[in-house]
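Please look over the sequence and the model first.

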Amino acid sequence: MACRDSAGTPYEITLRLHRDGALYGTVGERCGWLLTRLARGVAEARAGHEARWPDPDDRFPGDEELFAFRYRARNGVVGGGELRCQLRTIPIWVPGRRGPGGEWRVTRRAFLEAGGSDGVGMCAVLTSSELGVFVEALVAEAEECLRSPNPGRAARSL
């Protein structure tokens, strides 16, 4: 949903979280710039050559929390929803082909968690490619909302 200035001009976005068509949270007041920067960072991390993470799906910008958007009322009270994305390293034991040997392989994944004030929540585990597609879709939808004279009709649920 587009945030508008006093003259009605859209300048930023706030995300509305929907599950099965029902609104369960509003988060990330004026988060468009952060999402645009994250989309660019994911693309750059995937394109880079990092010895520690040879698989591009394991490459992300940053080390732990990529973002955490919460709803804040004008009086400063936090509630109404949360959307956060954290990186986690996941060790996987790969047994050897012969005998008891093997090795640990580690992967990195983005854990995208959304929750509403009523306790309803969702979690998705994403590769860097999947996170990039998701964030780029959010940015494209935000840009569509900012261009639209009727922001309610431009928004769609992801």
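Which kind of contact do the side chains of Arg 84 and Glu 65 form? They meet in a salt bridge, 3.1 Å from N to O. The pair links distant parts of the chain. Arg 84 sits in strand 6 (residues 78–95) and Glu 65 in strand 5 (residues 65–72), 19 residues apart. The model is predicted. Its salt bridges number seven. Three of them are tabulated here.

| Salt bridge | N to O distance |
|---|---|
| Arg 84 and Glu 65 | 3.1 Å |
| Glu 82 and Arg 84 | 3.7 Å |
| Glu 113 and Arg 88 | 3.7 Å |

Side chains of opposite charge can pair when their charged atoms come close.

The bridge between Glu 113 and Arg 88 also spans the sequence. Glu 113 lies in strand 7 (residues 102–115) and Arg 88 in strand 6, so this pair ties together parts 25 residues apart. Shared partners join Glu 65, Arg 70, Glu 82, Arg 84, Arg 88 and Glu 113 into one network of salt bridges.

Are these residues buried or partly exposed? Glu 65 is partly exposed, at 42% relative accessible area. Arg 88 is partly exposed at 32%. Glu 82 is partly exposed at 25%. Glu 113 is partly exposed, also with a value of 25%.

Now helix 2. Helix 2 covers residues 128–147, 20 residues in total. From first C-alpha to last, helix 2 reaches 28 Å, close to the 28 Å expected. Its buried residues are Ser 128, Leu 131, Gly 132, Val 135, Leu 138, Val 139, Glu 141, Ala 142 and Cys 145. In an α-helix, residues three or four places apart point the same way, because there are 3.6 residues a turn.

Note on methods
Residues are numbered from 1 along each chain as its sequence is written. This is a predicted model: local features need pLDDT of at least 70, side-chain atom pairs count only at pLDDT 80 or more; totals for chains, interfaces and linings use all residues. Side-chain values use heavy atoms; hydrogens and water are left out. Helices (H or I, at least four residues) and strands (E, at least two) are DSSP runs, numbered from the N terminus. The expected span of a helix is 1.5 Å times one less than its number of residues. Buried means under 20% relative accessible area, exposed over 50%, partly exposed in between (1.4 Å probe, protein chains only). A salt bridge is a side-chain nitrogen of Lys or Arg within 4 Å of a carboxyl oxygen of Asp or Glu.
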